[in-house]
Amino acid sequence: MFKILEKQVFSPIIKQFIIEAPKVAKSCKAGQFIILRIHEEGERIPLTIADYDREKGTITIVFQEVGKSTTQLGQMEAGDYIKDFVGPLGEPSHIEKFDGPVVVVGGGVGIAPVHPIARDLKKAGNHVIGIIGARSGDLLFWEDKMREACSELLVTTDDGSYVRKGFVTDVLKEVIEDKGKENIPMVLAIGPQPMMRAVCNLTKEYGVKTIVSLNALMVDGTGMCGCCRVSVAGTTKFVCVDGPEFDGHEVDWLELGRRGAIFKPEEQKAMEHHQCKCGSGCGGAK
Amino acid sequence: MTDVKKPKKEIKPTKNPMPAQDPVVRAKNFSEVALGYSEAAVIDEAKRCLQCKKEPCRQGCPVEVDIPAFIKLVAEGDFAGAIAKIKEKNALPAVCGRVCPQENQCEKYCTLGKKHEPVGIGRIERFCADWELAHGVKVPEVAPSTGKKVAVVGSGPAGLTCAADLAKLGHKVTVFEALHVAGGVLMYGIPEFRLPKAVVQAEVENLKKLGVEIEVNSVVGKFTTVDELMEEGGFDAVFIGTGAGLPYFMNIPGENSCGVYSANEFLTRTNLMKGYRFPDWDTPIKVGKKVAVLGGGNVAMDGARTALRLGAEESWIVYRRSHEELPARKEEVEHAEEEGVKFAFLTSPVEILSNEDGWVTGMKCIRYELGEPDASGRRRPVPIEGSEYVMDVDTVVVAIGQGPNPLVPRTTKGLELTKRGNIVADENGATSKPGIFAGGDVVTGAATVILAMGAGRTAAKAIHEYLGNK
């Protein structure tokens, strides 16, 4: 059992937990993820590690409520226990001193997993330009942490309710134009699939190398089932062991999107089952 | 002692039948198919044993169970004595009695089997194990502590057997398991209807009573490495039993379409995550109306039978050789046939077809004929030119085999591997690195539960010797 030490609510649907998991905290690196299972009947869901404290033995996760399991997770409080919490999983981010400014882009809840990578890139001596964005200002979080992790930070909101109006891709375009495409060795983008895809479409035009962290459906997360498989440069890769980071220009986004939606009707059904609390034996009174 | 040479002992030519669920009913539920012997039936079956002096049956048991001795006890009605006798050698009797291919093991050598059906050794073993689980488990004696620590990586049949043997010898054993529950393929692979998960967990609990510690949610190769276990973890030896959990795919176009599963994913969702109880359990699984399972081994049979239970109207085994070459156990094939699984022999897909949303709509298949025997002794399938046709299916399960999971081999420095990525180990399980032993599927490639257990037992002996000399 894994104790939730601290809970923070960033918005009605975005929440942060600090979880006691010393084994994971001891060995994890930026870019890796964990899989958790809330209770005995629960499913295994992957979440990227947003921060860690090796001394305290804790892992920070930030998640958005999108379905039954994340909603149920969001209803848990500090002091509650998560049944299973396993990691670190996946390959760590590739950190090196690049020749020129590197750009990290975090969209929505993707700001969290971008954070430790930005921090490590800066520690490795890079000039890190951070771009973070959300649909609106109230969905934005960790601006202060990102400001510290990056050399400079640019903030945007889709609806213009905070700082400026525009997508992260609008800001990225300005940065590339400003710095010169040949001077930017790498862009790293994490966020919802449409956002990562949009970033890749943009950077492809400029020929700027782009790394993305893919979110695929997973079961075990250790390479034994292939549920998370994706085509990268025409070859099948398992996101859980070969990734989660890949060259975004080589990812088959159409296939990834389709595979991610395989259980959409079931996800809907699980949510309805969870929400129904009529108590008349309809099966949802749990 | 009664006179065993009693004249005119009549031999019953056939095994006492195993009560089983009706095929039509069971094809729609996940309850165990075989229901187990009654006390009367098990005693009757045990009495069929001739108590041969030469004990030929024992050569067929990889963990060397004293078969005639336990069967004699059963014949006398001493079930407690019988299970104690079995457990001298076998840590997982309830599992073995159910899933061992006895026809290729102990029962293959049974003297009765020359003229009649052999003694139902597996069925009797299963009865004894179930009897003990129902009547309270007696913990076997454990030797005084040796002060030595052994890490076992992987809690499948090989790891659990190795751990039990080492614990009985007085060593402190910690098992590291990547998933959230111990048992390996016994939990995620073999379906509930063949091996109830409660039975597996009951046997795992028995192992804990020997003092074996099991740490679940612990992926060796990620949170730590085998080298770190030896250097920093204070372990004197390590046994690697990580199995063959890497699914092979066909590498044909369309294989990443929606509705194509590896058998591992299909079975893990269903068994380990209890997808068949969705939405009471959270993990979804879905099958369409017509399912094709590619392959002919036990995993393929499990997949095809599972598909029926999940509601498929038609479930097909698609195999590129013929009925005769099916590598699955005869009993599993028969059960599948009884339940209505259909077979497309001498057939293999060359492409998986999908609709505009990416969902499977069919398989372009080619027909085969059998040529000369290949290295494995089985006749080699040769594609028939121009025989392509489209098989109309909406779900595909790929069950063509598994390779060794590379996480541990890749992260253990200097460990000698085969070209396929299996760990090289000698007949005692010793690897190229001192103090590191390995056994089961990670060494042999995908094989059987009992062979993995045999390898775990052999390695435990070798580890014990290694620790004694250390």
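This is a predicted model: local features need pLDDT of at least 70, side-chain atom pairs count only at pLDDT 80 or more; totals for chains, interfaces and linings use all residues.
**Group meeting: the interface of chains A and B, and selected features**

Between chain B and chain A there are 24 residue pairs in polar contact, with both residues at pLDDT 80 or more. A polar contact here is a pair of N or O atoms within 3.5 Å; within protein, one must be able to donate a hydrogen and the other to accept it, and residues adjacent in sequence count only if both atoms are side-chain atoms.

Residues are numbered from 1 along each chain as its sequence is written, chains are lettered from A and ligands numbered from 1 in the order in which they are written, and side-chain values use heavy atoms, with hydrogens and water left out.

Let me stay with the interface. On the side of chain B that touches chain A, strand E5 (246-247), strand E6 (260-262) and helix H11 (263-272) of chain B each supply at least two residues. Helices (H or I, at least four residues) and strands (E, at least two) are DSSP runs, numbered from the N terminus. H11(B) gives the largest share of that side, 4 residues. By class, the side comprises 20 nonpolar, 12 polar and 10 charged residues. For these classes, Ala, Val, Leu, Ile, Met, Phe, Trp, Tyr, Cys and Pro count as nonpolar, Asp, Glu, Lys and Arg as charged, and the others, Gly among them, as polar.

In terms of contact (heavy atoms within 4.5 Å), 42 residues of chain B meet 48 residues of chain A. The two chains, B and A, bury about 3,800 Å² between them, with 55% of it on carbon and sulfur atoms; buried area is the accessible area (1.4 Å probe) that two parts lose on being put together, summed over both. Of the area that chain B buries against chain A, B:Lys222, B:Asn256 and B:Asp282 supply 19%, more than any other three residues.

Next, the salt bridges, each being a side-chain nitrogen of Lys or Arg within 4 Å of a carboxyl oxygen of Asp or Glu. Chain B and chain A share 4 of them. A:Glu266 forms a salt bridge with B:Lys286, and the closest N and O atoms are 3.0 Å apart.

Over all chains, the structure holds 47 salt bridges. Within chain B, the side chains of B:Glu107 and B:Lys15 meet in a salt bridge at 2.7 Å, N to O. B:Glu107 lies in the loop between helix H5 (93-99) and helix H6 (121-135) of chain B, and B:Lys15 in the segment before helix H1 (23-26), so the pair ties together parts that are 92 residues apart in sequence.

I close with backbone geometry. The peptide bond from A:Gly87 to A:Pro88 is cis, with omega near -5 degrees, and A:Pro88 lies in strand E8 (residues 84-89) of chain A. A cis peptide bond also joins B:Phe278 and B:Pro279, with omega about 5 degrees; B:Pro279 is found in the loop between H11 and strand E7 (290-294) of chain B.
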